[in-house]
Amino acid sequence: MGIRSVLSKPLAQFVVQRQQEWMHRPGETQQRWFQALLEGAKNTAFGRDHRFKDINSYPEFRQAVPIRDYEDLKPYIERILAGESDVLWKGKPVYMAKTSGTTSGTKYIPITRESIPNHINSARDALLNYIHETGKSAFLDKKLIFLSGSPELVVKNGINIGRLSGISNHHVPAYLRTNQLPSYETNTIEDWETKLEKIIDETLTQPMSLISGIPPWVQMYFDRIQARTGKKIKDVFPDFSLFVYGGVNFEPYRAKLYESIGKKIDSIETYPASEGFIAYQDTQTEEGLLMMLNSGIFFEFIPAEDYFSKNPRRLTIEQVELGKNYAVVIHNNAGLWGYSLGDTVKFVSNDPYRLLVTGRIKHFISAFGEHVIGEEVEKALYYAMEQHPETEVVEFTVAPMVSPREGLPYHEWFVEFATPPHDAEAFVRDLDRRLTELNVYYKDLISGSILRPLKLTVLPRETFRNYMKAQGKLGGQNKVPRLSNDRVIGEGLLETMQTV
């Protein structure tokens, strides 16, 4: 065993022991951060505007600080970008993470000296929990790859601006940097397809042991390697033993990824966002991701059914219930206050608090009052794939057809298969039946002849890739929304299919 793998074990034990100190005291831990955040921002512009010095309790805080999205916070962000200090958090941010919003265009999310550990240590601790539980650490002595955005940063008024994955790249520990791939030069290539070919050039002959990235882009990496070599990934990278992923539900991609690899390997799921690292998988034996309650963030949760009401309920961690969907709201030491992430989660454990990411609060179909959410369509698809085990899905999205030329309205599923089902009609029946079991409103609309059963539109291979490329969103951290309440994405896919 190499020095990295040997030294990682006592470090892993130390980190897990410290983790035990807070994970079973959630309320106390969050209250401590609540007080620390108020104290840290009381002399900022935001703190003065919202009377932080006069707040003595959480109910007072809730009255003073409304829930907001990026557009609501944007005037403060613009003051920071203009060079002003002490706006949302004391001093200036070290970084602004540049990210794409679905409604806000480009967003700039502050990352401060105090909030950097949330992003970096959480990613590190996910690996250390795995090492502590399994005893497996040899992967640290081989080559590691993180499929990410460019690490190049630009400086504006003393603030470094770039993609979160690129910012994180600058904080990879020195002891790992020597076995990290791809090279800095390759990582700075902006065109995803050019970059991917260079990554393959650099990794093809290396002892790759850990591969990390968003599943659809990792799948593209695997597909290109197989096209070059004609081999399964396990034969190209015999040391590959750990897959780290986040950003999307893994289940729709699992079968295809493991088929490409040629064997089952261990995996670690993470829940990172530009706004903060929210949770990671701390065990291979229990469901859900451990929530980062001791990492510079005070959390609130809004029941999903309340989210669009005038005065939604706002709950602390100790008030949430298992099995219910909540929208996540954060207050953190980067200066985000009452910030709605837009994600929905469901808790599966409360000692410790572990969650599943169930979708996006604004990504749903409710053209007829059905309110079908991401978790439901993913579960339905996974069920249909289990009933038709030959099926492998590359990517999919769902949109309503409100005014068809003939017949009743329906939900249209746009699916790109690596291997289509042998019996497409049976696949559709299983898919639709499972969705009616998961969503009673959808079931009522079907049985009441308001909607007809779903329609499956099979897209040729590469359609999603070509669509994302045309949108300038190929690779990196970009994801296709699972659900839309309109047909913009669906029509874009159909147009792409016709023009290629």
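A residue counts as partly exposed when its relative accessible area lies between the limits for buried, under 20%, and exposed, over 50%. The legends below describe close-up views of a predicted model.

**View 1. Asp86, a residue with positive phi in a loop.** Asp86 is not a glycine, yet its phi is positive, at about 55°. This residue belongs to the loop that runs between α5 (70-81) and β1 (95-101). Because its relative accessibility is 36%, Asp86 is classed as partly exposed.

**View 2. Ser449, a residue other than glycine with positive phi.** For Ser449, phi takes a positive value near 60°. The loop between α16 (440-447) and β20 (455-459) holds Ser449. With a relative accessibility of 47%, Ser449 is therefore partly exposed.

**View 3. The cis peptide bond between Leu181 and Pro182.** Leu181 and Pro182 are joined by a cis peptide bond, for which omega is about -5°. Pro182 sits in the loop between β6 (180-181) and α9 (184-187).

**View 4. The cis peptide bond from Asp351 to Pro352.** Omega is near 5° for the bond from Asp351 to Pro352, which is cis. Pro352 is placed in the loop between β14 (339-350) and β15 (353-360).

View 5. The structure contains 3 cavities of 30 Å³ or more.

View 6. The volume of the second largest cavity is about 40 Å³. Its lining consists of 14 residues, and those closest to the cavity centre are Ser115, Asn118, His119, Glu275 and Asn332. Two or more lining residues come from each of the elements β2 (105-111) and α6 (116-134). By class, the lining of the second largest cavity divides into 9 polar, 4 nonpolar and 1 charged.

**View 7. The second largest pocket.** The second largest pocket holds about 540 Å³ of space. Among the 24 residues that line this pocket, Arg18, Trp22, Asn121, Asp125 and Asn294 lie nearest its centre. The elements α1 (3-23), α2 (26-41) and α6 each give two or more residues to the lining of the second largest pocket. The lining of this pocket has 9 polar, 8 charged and 7 nonpolar residues.

**View 8. Helix α14 (residues 374-387), its span and its buried residues.** The buried residues of α14 are Gly374, Glu375, Glu376, Val377, Glu378, Ala380, Leu381, Ala384 and Met385.

**View 9. Residues 291-349, listed in UniProt as "domain: GH3 middle".** The domain label for residues 291-349 comes from an unreviewed UniProt entry. Within this span, 46% is strand and 0% is helix. The end C-alpha atoms of residues 291-349 lie 10 Å apart.

Technical notes. Residues numbered from 1 in each chain as written. Predicted model: local features only at pLDDT ≥ 70, side-chain atom pairs only at ≥ 80, totals over all residues. Heavy atoms only, no water. 1 Å grid on protein atoms, 1.4 Å probe; cavity = no way out; pocket = protein on both sides within 12 Å on 5 of 7 lines; lining within 4 Å. Points joined across faces, edges and corners; volume = space filled by probe spheres on them. Helix = DSSP H or I, 4+ residues; strand = E, 2+ residues; numbered from the N terminus. Nonpolar A, V, L, I, M, F, W, Y, C, P; charged D, E, K, R; others polar. UniProt positions renumbered as here; feature names shortened; annotations may be inferred. Buried < 20%, exposed > 50% of the residue type's maximum accessible area, 1.4 Å probe, protein only.
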